[in-house]
Structure formats: structure tokens, C-alpha cells
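Please look over the sequence and the structure shown below before reading on.

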Amino acid sequence: MKKKIALIFGVTGQDGAYLSKFLLKKKYKVYGVKRRSSIINTQRIDDIYIDINSKSNFILCYGDLTDSSSILSLIKKIKPSEIYNLAAQSHVKVSFEVPEYSADVNGLGALRILEAIKNLNFEKKIRFYQAGTSEMFGRTKERFQNEKTPFYPASPYGVSKSFAHWITINYREAYGIFACNGILFNHESPIRGETFVTKKIIQGLMKIKMNKQKKLYLGNLYAKRDWGHAKDYVEAMWKMLQQKNPDDYVIATGKTLTIKEFVNKAAKKIGFKLKWVGKGINEKAINIENNMPIIECHKRYLRPVEVDYLKGNTQKAKKKLNWSPKISIDDLIDEMIQHEL
Ligand code: NAP
Ligand code: GDD
């Protein structure tokens, strides 16, 4: 059987690393697109990169989602059977500070890939995965969000991803491209970016425990998130592209926690006894052992508008993809703590 070839945009990110490893195990040849950076940033995939002369099934190439010519020439040269678009300016808070850039990469970036597939007449040759997000549900009032829940994005990030979602559907319907949207809820791992809240909490608490840091500053403690493990979620991406027909799927755990509940779980596992005092921006957590405040809130970490509540309904993914999350939030936290150690 002919070897399957995957092209991953965003290979240096959390999901890019997990997906590459998953596909290599499935005997794919994987091409990963990285953008130029002033310092080497391939730490998450260094363990699978061999060297330029070896007959490796993992190959890195340069490209950028803001550069149509690089996208077109990569697809033309590689002729992948599957493309995974995981590349994004993926930080919600940062998207308020660089809204135009976030829209360009996250929104137009997806369009540029779809246009390249169309212009190369590869509509029937390539299957396309678009990394959509629960941030598209944004300020919805629905208590369980599924594929039919209307979008109400609440950040330039969420709006840009909504464009990418609809343009993916548009190219599927207009040109018959096998294109799928994954609507993925928050997923974390030991290699999660350090400015996302789960990693920031675990890294911060571990440093405090080891006397390497005095305090951890957070923003809104009361937003609720449905947190899963990235390893489970990349399997769902792949499953979407193996179906008979292209479709869109919500991927989540169906459970939700506040940031404060996450802090309490992690703190307990690390061996802290916390007492919460104060309200709003003055709320803080005191370490009962020495009566010192170790967590405080700071307005720098608040967003102009917040997504208060996310909880996904994965009935469709369960039924059609035979997918369910395997790793619990407790196991995820344990693994993240172990990694910091
Ligand atoms: P991540 O760790 O931030 O990785 C993003 C990747 O995109 C990195 O490889 C980054 O490269 C690359 N990138 C950024 N701008 C680019 C550009 N202009 N051209 C080419 N590549 C660019 O994100 P992640 O957590 O792995 O998430 C993967 C995708 O899923 C993202 O699209 C994200 O928006 C979406 N998503 C994530 C979650 C989640 O909870 N993790 C949930 C739903 C959806 P550098 O390494 O050079 O920065
Ligand atoms: N980052 C961060 N830093 N978030 C904080 C902090 C802090 O100090 N304090 C509180 N939070 C709150 C945020 O306000 C938000 O409500 C929640 O913690 C989660 O924030 P993030 O971890 O930054 O993730 P996100 O939910 O905004 O976005 C992530 O998940 C999306 C899927 O729903 C990202 O991975 C997005 O790319 C992804 O699409």
C-alpha cells in the first residue's frame, strides 16, 4: 500500500508535536512546516527529528501561513494525502493586542491553504483538517455546546477561527474538498505553552514549592473550562480524516472546572494547603503552612471580555468516530507535575 503523507502546519506547537508522533506510529511520512524564528524552537519535536541525511519519515520545512507562495509551493512539491492546519496565533489574550495579525494567520491562513489545494487541482487528492476551537462558542448561554450551537466568539482569536471554520465548510461545499473542522475544547499536556493557564499554574506552584519563585499572579479565577489531554485530541483529528465523508466534530470531555478549582486540585497534589481570602481582583491564596500569600490576582491577566463557560457535548464524535477521551483531568495534572519535577 502507498505510504500516506501528512503535511502539518504548526508542527512546533503542542498539538503539532503530539500529532507528528501519532502519525509516525501509524507509518505516515510526516512533513512539518515551521516558520523562521531567531532562536531554535523545535524542542517539542527534537526527539523525533533525526538528521538531514537519514531516511527519516519526519521532515521539517520552512513556511508561513501569512505567505501564500510558501504554502502553494510546499503543497505542490510534497503532494500530501492529508493536511492538518494547526498553525495559529493561538493565545486569546494576545489576540486583543495583535488583532490584525491574529486574523491574518488564523483566518486568512486557512483560506490560503484551501485556495492552494483548489488551484493545484488537488481537491480530490488531499484531505484537510482545520483546527477549530470552543472559543467560537464564546459567550453562548447554552450549557452544553455541540456542533449545532451557534457561534458567539468573544475575541479577535475566536472571530478569526470562526472565519476559518466557515471558509472550510464553504470550500467543502463549493469545490468538493474533503475538509473537516474539529471544534476542540481546551487541551493541555506537559508541553503546553507556558502562558496558558494550566501550565502557568503548575509551573508556578512547583517553582514556589522549590523556593524558586515567591508568588503566582493570575487573572479571572471563575471562568470555567472543559480541559482534556492533547494526546487524546490529536487522535480525534486523524479519525475525522479517515471517515467516508467530511464533517465537523466537537471534541471535549463534557466536564468543566473553574480556574480556582484547577488551582486547588494542583495545589493539593503538590502538597500545599491553601486558604482563599478577599474578593475580585483582591482575592488571594494563602499558604497555611507559613501564612504567606502565594497566589494573587492581577489586572494584567484579565481580558477585555471573557468567555465564562465552556462544556462540550461529544455525542456525535462518540457515535461517528468512536472517539472518547481516555485521560482524566487528575491524570493530566499528575503528568504535568511529574514533567516539572
Ligand atoms: P500552539 O502550541 O500555540 O502552536 C501553534 C503553532 O502554530 C506553532 O507551531 C506556531 O509556530 C505556529 N504558527 C504560529 N503562527 C504561524 C504562522 N504565521 N505560520 C506558520 N506557523 C505559525 O497551539 P496548540 O495548542 O498546539 O494548538 C494547535 C491549533 O489548535 C491552533 O490552531 C489552536 O488555535 C487550535 N486549538 C487549540 C486548542 C488548545 O486547547 N490547545 C483548542 C482548540 C483549538 P511557533 O512555534 O513558531 O510559534
Ligand atoms: N492565560 C491565562 N493566564 N489565563 C488565565 C490567567 C492567566 O494568568 N488567569 C486566569 N485565566 C483564565 C482566562 O481568562 C481563561 O478564562 C482561562 O483561564 C483559560 O485561559 P487560557 O489557558 O489562556 O486558554 P483559553 O481558554 O483562553 O484558550 C485556549 O483554549 C482555546 C479552546 O477553548 C487556547 O489554547 C486557544 O488556542 C484554544 O482555542
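Which backbone atom lies 2.9 Å from a nitrogen atom of ligand 1? A backbone N or O atom of L65 lies at that distance from the nitrogen atom. Before going further, note that this is a predicted model, in which local features need pLDDT of at least 70 and side-chain atom pairs count only at pLDDT 80 or more, while totals for chains, interfaces and linings use all residues. Residues are numbered from 1 along each chain as its sequence is written, chains are lettered from A and ligands numbered from 1 in the order in which they are written, and side-chain values use heavy atoms, with hydrogens and water left out.

## The two ligands

Ligand 1 is surrounded by 25 residues, of which the closest are T12, D15, S90, Y157 and K161; a residue counts as near a molecule if one of its heavy atoms lies within 4 Å of it. An oxygen atom of ligand 1 is 3.0 Å from a polar backbone atom of L86. Taken alone, ligand 1 exposes 900 Å², and the protein buries 90% of that, where accessible areas come from the Shrake-Rupley method with a 1.4 Å probe and, for residues, only the protein chains shown count as cover. The elements that give two or more residues to the shell around ligand 1 are α1 (14-25), α4 (99-119), β5 and α5, and the largest share, three residues, comes from β5. Helices (H or I, at least four residues) and strands (E, at least two) are DSSP runs, numbered from the N terminus. By class, this shell around ligand 1 has ten nonpolar, ten polar and five charged residues; here Ala, Val, Leu, Ile, Met, Phe, Trp, Tyr, Cys and Pro count as nonpolar, Asp, Glu, Lys and Arg as charged, and the others, Gly among them, as polar.

Ligand 2 has 24 residues around it, and the closest are T133, S134, Y157, R303 and E306.

| Protein atom | Ligand atom | Distance |
|---|---|---|
| Polar backbone atom of S90 | Oxygen of ligand 2 | 2.7 Å |
| Polar side-chain atom of R303 | Oxygen of ligand 2 | 2.5 Å |
| N or O atom in the side chain of E306 | Oxygen of ligand 2 | 2.5 Å |

Taken alone, ligand 2 exposes 720 Å², and the protein buries 96% of that. Both α6 (197-209) and β8 (216-218) supply at least two residues each to the shell around ligand 2, and the residues of that shell divide into ten nonpolar, eight polar and six charged.

## Aromatic rings and charges

A search of the whole structure finds eight aromatic pairs; rings of Phe, Tyr and Trp (its six-membered ring) pair if their centres lie within 6.5 Å, and planes under 30 degrees apart count as stacked, over 60 as edge-to-face and the rest as tilted. One of these pairs is formed by F137 and F151, which are edge-to-face, at 5.6 Å centre to centre and with 65° between the planes. This pair links distant parts of the chain, since F137 and F151 both lie in the loop between β5 (127-133) and α5 (156-175), 14 residues apart. F137 is buried, with a relative accessible area of 0%, whereas F151 is partly exposed at 23%; buried means under 20% relative accessible area, exposed over 50%, and partly exposed in between (1.4 Å probe, protein chains only).

F137 also pairs with F185, and these two rings are tilted, at 6.0 Å centre to centre and with 40° between the planes. That pair too links distant parts of the chain, with F185 in the loop between β6 (178-184) and β7 (187-188), 48 residues from F137. Ring pairs link F137, F151, W166 and F185 into a cluster.

Rings also meet charges in this model: the charged end of R192 sits over the ring of F196, 3.9 Å from its centre, and the charged end of K200 sits over the ring of Y301, 3.3 Å from its centre. A charge sits over a ring if NZ of Lys or CZ of Arg is within 6 Å of the ring centre and within 35 degrees of the ring normal.

## Two buried residues

E82 is placed in strand β4 (residues 82-85), and E82 counts as buried because its relative accessibility is 2%. Its side chain makes a polar contact of 2.8 Å with the side chain of Y28 and another, of 2.6 Å, with the side chain of Y84. A polar contact is a pair of N or O atoms within 3.5 Å; within protein, one must be able to donate a hydrogen and the other to accept it, and residues adjacent in sequence count only if both atoms are side-chain atoms.

S162 is found in helix α5, and at 9% relative accessibility S162 counts as buried.
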